[in-house]
Amino acid sequence: MALETLTSEPRESRVAALLRRSERFRLGLLLFPGLFWLLLFFALPLVVVVLYSFATPGPTGRVEWHFTLANYGTLFTESLYVNAYLRSIWAGVLTTLICLLAGYPLALYIVRRPPRWRTVLLFLILIPFWTNFLVRTYAWMIILSNNGIINSIIQALGLPRVALYPSEGAVLIGLIYGNLPFMVLPIFASLDRFDFTLLEAAADLGADQTRAFLRVMLPLTMPGIAAGSVLVFIPTVGQFVVSDLLGGAKVDYLGNLLQRLFTRSNPPNWPLGSAMAIVFMAVLTVAILLYFRITTEQDR
Amino acid sequence: MLDTPTTRKPYVTGMDSRRSAGMLALGAHTILTMVFLYAPIVVLVAFSFTRDSFGVRWTGFTLDWYRRLLADQRLLGAALNTLYVALTSTIVSTIIGTMTALAMERYHFRGRTGFDALLYLPIVIPEIVMALALLAFFAFSFGILELLSGLRLQMGLGTVTIAHIAFTISFVVVVVRASLKGFDMRLEEAAQDLGANEWQTFRHITLPLILPGIIGGALLAFTLSLDDFIITFFTTGPGTSLLPVEVYGQVKRAITPKINAISTLMLLVSITLVFLSQFIQRRR
Amino acid sequence: MQRFRFLPLIMVVALVLAACGGAPAASPGNEYGSGGATPEPTAAPAATQPAQSDGLEVDRTKLSTELRFFNWTDYVDPSILEDFEKEYGVKVIVDLFDANEDMIAKVRAGRSGYDIVTPSDYAVETMWREGLLAKLDKAMLPNLKHIDPGLLDKYFDPGNVYSVPYLYGITGIAYNKQNFPDGVDSWAALFDTAQIEKYSGQFSMLDDERESPGAALKYLGYSLNETDPAALKKAQDLLIAQKPFLAAYNSSDVNRKLASGEYVIAHAWSGSAMQARSGLGDEFSGNPDIAFVIPKEGGMIWMDNMVILADSPNAYTAHVFMNFMLRPDIAARNAEYVGYLTPNKDGEQLLPQDVIALYKEGFAPNEEVLKRLEWAVRNEQTVAFTDVWTAVKGE
């Protein structure tokens, strides 16, 4: 059939039109479920949040519908929040970088295994995360605490105890631990598409391994790196539980601020929280779109 | 049946000493990372057998926590609810997510950038915000529904599942798209030239090629759903408790090794499911 | 790849499943209640003759089959709920929250499905002001007479129109007698840098925007409701100076960490200090060296209360349940299980001797201590505490 369209010229336009229509039909079919679900169960509820951000907080925490822009004003003038923003972004950058450095070789190793091993290895990476999040974090406390496993080993070696927890370092360990798979999976998916014979070709053309990696492999697996970085960076910036449990709740991250504004302060301030969330989302979404454009679509 | 192109993958023919040294280093890195990933899990599982009621010290072996767990209908019920929601939402969001990813990578259409942004929002949105938005939405629309049809709905496992699907779709899309990028379209064209129809092409060419991405996306979705606390809390209803909500509450008093025990059991169930699916796949 | 033949089928099934999901599908293995469908109308259990119990004529035909109880985690003895079911044939379904604001958000959204909830003092006021609560029928609550009059008619619900006391607690200092052989009597033990540097990294403060700034205000000699900017600034500076020495802000497992010796002293609720001292049933063993004190500068008192939601379809059954919980023997059992204090003065007499001995040691307030305790009120000015707390955490 495909052949026909090429040979029989007179019917060309009709077939093309038909094809185009079926193309559009197919696109609609593919697009509909996702569009439907996200519009109904995500975008529509989100409208409420947008409305909240222009409303006023009532004395008991109930949102009152007096239009105001004050929430956005507070957001940009209040210096109290700056530290939390910076701290969160720094934690996000650091976690993303370390996850990338640890995750890329891991994904590479898995891809190079025979198929049956690859699935097993993938599952092995995910299985630890099928336990409860809090219990996992508690396990880290047990490992890092003053009388914990690491300190027991250190003391057995005759060295003085180290205060590992609660600390910023413990928070970082917790964040890396919790986010590593989010980096590995997309990179794996991307490496899986990579044609390793290209490395051979590069070598044949005289490129050394480093050059071959930097010039061939890295650019071609950029979509995975980009996706992984986003999946690690975003949750890290918004988290609050890891920093509370492993860091001793002594400092605020962005996630703590939001949590407090919505459900921990009394009265809660939903309008201000909504405004903060909307700015946060807008900035990050634009950043992500740009990031993906730059890193993965230079071929278009 | 067409052979899956994936089988050509591990390219190990021209293995020179340098490459094998490289693989050795990668292997060592992998082992170290696995130690890092499993250290807390070993602790967690081991401490489900400790006599120490604080669950933080090893003071002797006991199966007592498992005995108590099996008597705790509430916790077991919550664990089953959690598995049910995670499985259902993973299946639905993987299918929808894969379709969406195909549409986004294959077609250019009006409003594509807008939809692109909409797709990233569920990843970017702070959980508490999505939770409260969904709470307001469900309460409001159930009210309208009752007004119109007299049907009185209540939040519960259904609403939790809907919410979990809504936030996991995007994660599936991101991972599947990563595997669709750099996809060699000529493979599909070749198949069609050979007379394969649309569906056959998809099933025998496209699907096997992007399957690793789909599996990766599904695994992410499952993991996210299992652990979610905030959205779950705000979208569930009376009598339908889920495990994360139960455990979060326990932090207030003390997390007993009973929680370690249920985590260990859920780990076992998940691993069994994985091996079963592997086994079935291999038999086919 | 054969198995993908089933993909469309699974997809359709799953979509249908999820689409009907609004009405919660019967959950697998949900042994403690229905999937959450509409409350069943007043179906009468076995007997229809009125039963005489709790000093209340209960018309069993008016009882529902279920009652939905939204409560703090581990805040009710499950065996009491079983007894209630045995006596009245009503199954009590419990769901959990761990912050007043989370609970209010769910109730405020409407159709939460709950009958009875247990808000803290100020949250009761918020809820009745917003019209979320049903007025109580005192004729159905004869056991209210057992409640300590000193804990009735409080600022958050004058005349107890909407609420009855459930459990209460006080906030002070818990410490390990091994490390403080001479005892502790002042907030200085938590704020004076000369003292706290000796146990740096071994003590915690409560992670709460009213509790910790409140303690600082008390140490400085103010009311814990003081909102004068100068006083708040001093409290804020005090907290910031204290922070480097602090192990953590912790409102969750202080009990465990005190008992295990990880903390030597902590800003704590009486109940969690009590748990650290005597353990939590068979879940958790206690440490006999733990003591609790309300410092001479004063401390906080707070109370959780039972209320009936305005949209509860089972108000009659809810009253019966409330009255049951107010029975002295039940209140005593519950207080013993939970570890917090019962406002039921007749119930307090029924507590075991060892618990009463602990109360006398300071885990419960006596007349003299009561005078030093203050309720934390919420009003337009106390919004300032959120800023103080954010500033402390932002450092």
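Me: How many residue pairs are in polar contact between chain B and chain A?
Reply: Here a pair counts if both residues have a pLDDT of 80 or more. With that condition, the number for chain B and chain A is nine residue pairs.

Me: Which helix gives the most to the side of chain B that touches chain A?
Reply: Look at residues 17-46 of chain B, which form a helix. This helix supplies 17 residues to the side facing chain A. Its name is H1.

Me: How many residues of that side of chain B are nonpolar?
Reply: Chain B brings 98 residues to the contact, and chain A brings 99. On the chain B side, 17 are polar and 12 are charged. The nonpolar residues number 69.

Me: What area is buried between chain B and chain A?
Reply: Carbon and sulfur atoms give 77% of this area. The total between the two chains is about 9500 Å².

Me: What distance separates the domain centres in chain B?
Reply: Chain B has domain 1 at 15-40 and domain 2 at 73-283. Their centres are taken over C-alpha atoms. The separation is 31 Å.

Me: And how far apart are the C-alpha centres of the two domains of chain A?
Reply: In chain A, domain 1 covers 1-45 and domain 2 covers 79-296. Their C-alpha centres lie apart by 38 Å.

Me: Where does pLDDT stay under 50 in chain B?
Reply: Chain B as a whole averages 85, with 90% of its residues scoring at least 70. Where pLDDT is low, the predicted coordinates should not be read in detail. The stretch in question has 26 contacts beyond four places in sequence, and it is residues 1-15.

Me: Which residues of chain C have a pLDDT under 50?
Reply: Chain C has a mean pLDDT of 86, and 85% of its residues reach 70 or more. The stretch under 50 has 99 contacts beyond four places in sequence in the model. It consists of residues 1-52.

Definitions and conventions: Residues numbered from 1 in each chain as written. Chains lettered and ligands numbered in written order. Predicted model: local features only at pLDDT ≥ 70, side-chain atom pairs only at ≥ 80, totals over all residues. Heavy atoms only, no water. Contact = heavy atoms within 4.5 Å. Buried area = accessible area lost by both parts, 1.4 Å probe. Polar contact = N/O pair within 3.5 Å; in protein donor to acceptor, adjacent residues only side chain to side chain. Helix = DSSP H or I, 4+ residues; strand = E, 2+ residues; numbered from the N terminus. Nonpolar A, V, L, I, M, F, W, Y, C, P; charged D, E, K, R; others polar. pLDDT = per-residue confidence, 0-100. Domains from an automatic or database assignment.
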